[in-house]
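Open the model in your viewer and keep the selection panel at hand.

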Number of protein chains: 2
Amino acid sequence: MSQINRQIQLASRPTGEPSVDNFKLVELPLPELAEGQVLVRNHYLSLDPYMRGRMNEGKSYAQPQPLDQVMIGGTAGEVVASRNDYFKVGDKVVGMGGWQEYQLVSAEQRGALQKVDTTHIPLSAYLGAVGMPGVTAWYGLVKIINPKAGETVVVSAASGAVGGAVGQLAKVRGARAVGLAGGPEKCRQVVEELGFDACIDYKQHRDLKSLSAALKAECPNGIDGYFENVGGMILDAVLLRANAFSRVAMCGMISGYNGEPIPMQYPQLILTNRMKIEGFIVSEHMDIWPEALKELGTLVATKKLKYRETVAEGIAAAPEAFLGLLKGKNFGKQLVKLI
Amino acid sequence: MSQINRQIQLASRPTGEPSVDNFKLVELPLPELAEGQVLVRNHYLSLDPYMRGRMNEGKSYAQPQPLDQVMIGGTAGEVVASRNDYFKVGDKVVGMGGWQEYQLVSAEQRGALQKVDTTHIPLSAYLGAVGMPGVTAWYGLVKIINPKAGETVVVSAASGAVGGAVGQLAKVRGARAVGLAGGPEKCRQVVEELGFDACIDYKQHRDLKSLSAALKAECPNGIDGYFENVGGMILDAVLLRANAFSRVAMCGMISGYNGEPIPMQYPQLILTNRMKIEGFIVSEHMDIWPEALKELGTLVATKKLKYRETVAEGIAAAPEAFLGLLKGKNFGKQLVKLI
């Protein structure tokens, strides 16, 4: 076992678009284990759009990522040393280990590590379809959109880890699932691999009128539910096709993460269509995780819920992979494989 | 009894701001009563902002007002002739009689007329605090905002028939009520007569920063609930002061009724504050009317719910009074007294 832990820290806050210079790679010695502590070797690091928000100083729903400290992030790994009765060497675990190779967890950090069963579900899936992104999809779809059979659900960033699950969960409930993604390759995958009914390449539509017409074509009965990951023109176009009593689960607005203005052009449609728009953060709804994970785990184990992974290799590759994620270069869940 | 019924019809659809020329006064002979029919002499006509939307042809939640037909509207009056066992001459009734002096109701129009008790509640109040505006306030406040004691509720158009009730219902529930109204006289009335904790004169604030600062001063603990009647800059300013898990009941957006663009500048705040925004039309929630009317009727009869009325005289005055309502010239409920 290496005596060095390599980690990525936030070196500076971005102005507008972030760059690799905002990050730094730091090497630290591995600490000695105190009584009750567990040392985890992280096999996978999860990269997620929310991390972009944490890099800013401004008011958001969470504390900003501190400078000169390890970047926050979900991890999946294996216990490599333990002075804790509950965790044994060899246990597979998930947690919020951050962008680093090793993670030391103390006994008093109750709930910081969860043991997982990799018999039927790959370890990496606990960072995706059977983890935070999957539960995010589940919460917005089930608890906010709550589609009835025959309704139409639209999801932006449909080829992403969250969006891909949203459409498939909608299909399970008998709804029509229409995705929005960037580029023909992603759209093909969303339809052919993930089983959506249709996917619109938003890059083919440079103005609201064009995108709105494309939505009309793929959603002939209008839109009953929308799962929002992007914001901006896509949200405007969806609102123009929204049905009475439609629901919007607002999960992310990546188009504005670098400070771009993303006004909603016609908020009066919320009224005329008697819509409900709800913003949420899945970590504030821990009560639904067991129910969500039960469905997601079953669907993944039985191969009814499909997902893709884009895997970068080695901790040093994390910043570049993260910047790629923000630009939509990934297919499905963006991971960094550390071992 | 006059043998003539005078009514206001929609003569043409407005382009932008409506004018008196969009209306015309028409005289019609009173019809003979057929078996089962009731003739009502309307004492009061209700003027409400939603009528502006009906004047347009475009898609909205309701059918447009047809041209060359009597303008839609709520009325309160008295049965003056009846060939129907349920209604007696002298009964006080409310209905959707339209902008006219007399209203003929057939037996098959079940529910078109409701008898009301004017022992403790004035007839006109059934068009305001104990009618559609009151129930509108009740639905948005109770069913969407649902304030807890100690929370802060903001309402725009606070001196209007709906807004005035919203703040008082919030106070009944132990919340802080802060209004927005146009001009010092209205603001004084909202605080001194209606009992709001504070009222901001939005006309004193020409930009978002200034209005947002005023809201901060009057809502030191942020905003937990917002009842929207106006839209535009006021909505933007409220969102900037909204607390986590705040709720917006979207009832009207009068600032955009003439087609002005009213973009929402920072929709990302819905996400970062995990807000819920819900549009509604009270006529689609008939199930809650009994509960709402019970509370509203009790509060009005015991003089705990205050309201003001602005009364125009005679059917010919209706168009001018309606245009004044759209410009905020009224105090409280805008009525036309017909007798």
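**Stop 1: the interface**

Between chain B and chain A there are two salt bridges (a side-chain nitrogen of Lys or Arg within 4 Å of a carboxyl oxygen of Asp or Glu). This is a predicted model, in which local features need pLDDT of at least 70, side-chain atom pairs count only at pLDDT 80 or more, and totals for chains, interfaces and linings use all residues. Residues are numbered from 1 along each chain as its sequence is written, chains are lettered from A in the order in which they are written, and side-chain values use heavy atoms, with hydrogens and water left out.

Select E284(B) and R274(A): their side chains form a salt bridge, 2.4 Å from N to O. On the side of chain B that touches chain A, β12 (242–250), α7 (268–272) and β13 (276–279) each supply at least two residues (helices are DSSP runs of H or I, at least four residues, and strands runs of E, at least two, numbered from the N terminus).

Now select the whole contact (heavy atoms within 4.5 Å): 29 residues come from chain B and 29 residues from chain A. The two chains bury about 2500 Å², 63% of it on carbon and sulfur atoms; this is the accessible area (1.4 Å probe) lost on being put together, summed over both.

**Stop 2: the cysteines**

How many disulfides does the whole structure hold? Zero, over all chains, taking a disulfide as two cysteine sulfur atoms within 2.5 Å. Select C199(A) and C187(A): the sulfur of C187(A) is the closest cysteine sulfur to that of C199(A), but at 3.3 Å it is too far for a bond.
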